[in-house]
Amino acid sequence: MSQAATLSEVDIVRRDRRVTTLIGVSHGASHFYQLALPPLFYLINASEGMSFALLGALTAAFYVASAVCQPLSGFLVDKFGARTILLMGLGLMAGCTALMGLLPYYPALFVLSVLAGIGNSVFHPCDYSIMNATISDKRIARAFSYHMFGGYVGYVAAPVAMTGIGAAFGWQPAIIIAGAVGLLLFAILWGGSRDFRDSTHERAESGVAEETLGDSLRTLMSPPVLLCWSFFLFVAMGQMGLMSFVPTLMKEIYAFQLEAAGAFVSVMIASVMTGVLCGGYLADNFRKPDIIVTIGYCIATLMVVSIWYFELVSWQLFGIFAVIGFMYGIVFPSRELLVRAATPKGASGKVFGFVYSGMDFGAAATPILFGWFVDTGVPRYAFLCVAFLWAASVIIILMTNNATKRLASGTVD
């Protein structure tokens, strides 16, 4: 008998809220630690004499380790359970972060960055495995939205907190305090996560045998899953290109001061966070994720094209970036529903781990391309590139939806 069958509706609602909150907090911690060290680079350079190139390599090592290990983490989640792997990942990130302040030597910082990246690799497969198996279907999109919202809170909080504490007490106390807070979150998550369910529970309840390695690889190589990976690759290339280069692009195209140009990113992030919360309610009630994703990305694409094509003034640009962020946020829960539909029971860890690695690789590739646009004197064409990437992502997600339906009906060749 499933757990849901033994709970009243009131208990189910309370469980859903509790699990959603814990998962949102854990995702926020993951994103916080991704940006915990970079805001301190200036202080580390002044104190320890490490070059900015070497410090940047610490961040690169973190993301490469996370991207490479994320698919493997998905296999571990489906094998050993998400709760255990999630706690291990959070503990590893928090512990490595605290040790960075105690071992301020570059070789140690590099090794700790790699280990922290490995810890970061578990969050997406763990979180989605838990949400898919625990949260009620009628509230699952809202759980996805709060999960994403928590991540953006972590992104926003990290630079403010780390620069403030670092300026007051120094970079070492700042990074030690950040790690200690993570260990406190570890204790809260450990105590509050007893009713977490995951893909191992789904597999046991459905009577599906554990997949062999060959079966798992066939699942990941299925058309819907490969298309999902491609979708995240293209989406992330456009998103990270905007997040990383908008200040530079606005300075190059419109001669804004760099600080003023950075405000466009702030507006876009705030709009994404608003859109994410609205998108969860929309997806839970409308239940047409393919339509929501298509309309949202088409509107965002048109907004990006308008930046490329027209000469705009400041208030128009702020409005356009707000619309882009809101559309990007509002489609997020719906796109997760499409990935969920393409995921076999008991395989959510490996599938979400694999498809989200596409986002990591996309994020790693775009800065080089956008840097080329700036270096060659055609910065405006970076926006046209984003438009092509997002237009391609719409086509891919519609292909994904079609492939999922064909697979479910048994008509795939």
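Guide: Let us start with a definition: on a 1 Å grid over the protein atoms alone, a pocket is an open set of points with protein on both sides within 12 Å along at least five of seven lines, whereas a cavity is a set of points where a 1.4 Å probe fits but cannot get out. Lining residues have an atom within 4 Å of a point. Points are joined across faces, edges and corners, and a volume is the space filled by probe spheres set on them. This is a predicted model, in which local features need pLDDT of at least 70 and side-chain atom pairs pLDDT 80 or more, while totals for chains, interfaces and linings use all residues. Residues are numbered from 1 along each chain as its sequence is written, and side-chain values use heavy atoms, with hydrogens and water left out.

Visitor: How much space lies in the largest pocket?

Guide: The largest pocket holds about 1,800 Å³ of space. It is lined by 49 residues, and the closest to its centre are L35, Y63, Y155, M240 and S244. The elements that give two or more residues to this lining are α1 (9–34), α3 (52–80), α6 (123–134), α7 (140–169), α11 (223–254), α12 (258–286), α14 (314–341) and α15. The most comes from α3, with 9 residues. Helices here are DSSP runs (H or I, at least four residues; strands would be E, at least two), numbered from the N terminus.

Visitor: How many residues of the largest pocket's lining are nonpolar, polar or charged?

Guide: There are 32 nonpolar, 15 polar and 2 charged residues. Nonpolar covers Ala, Val, Leu, Ile, Met, Phe, Trp, Tyr, Cys and Pro, charged covers Asp, Glu, Lys and Arg, and the others, Gly among them, are polar.

Visitor: What lines the second largest cavity?

Guide: L22, V25, S26, A29, L90, L185, I188 and L189 do, around a volume of about 60 Å³. In this lining, 7 residues are nonpolar, 1 is polar and none is charged. Helix α1 gives the most, 4 residues.

Visitor: How do you know what span to expect for α3?

Guide: The expected span is 1.5 Å times one less than the number of residues. With 29 residues, α3 reaches 40 Å from its first C-alpha to its last, close to the 42 Å expected.

Visitor: Where does α3 bend?

Guide: A bend is the angle between axes fitted to the seven residues ending at a residue and the seven starting there. In α3 this angle is about 40° at Q70, and the proline P71 follows within four residues. Just after α3, G81 has a positive phi of about 100°.

Visitor: What about the ends and the kink of α15?

Guide: Helix α15 (residues 348–375) has 28 residues and reaches 42 Å, close to the expected 40 Å. Its kink of about 25° lies at T366, shortly before P367. After α15 comes G377, with a positive phi near 80°.

Visitor: What sets A255 and R287 apart in their phi values?

Guide: Each has a positive phi without being a glycine: near 60° for A255, about 60° for R287. A255 lies in the loop between α11 and α12, and with 61% relative accessible area it is exposed. R287 lies in the loop between α12 and α13, and at 37% it is partly exposed.

Notes:
Buried means under 20% relative accessible area, exposed over 50%, partly exposed in between (1.4 Å probe, protein chains only).
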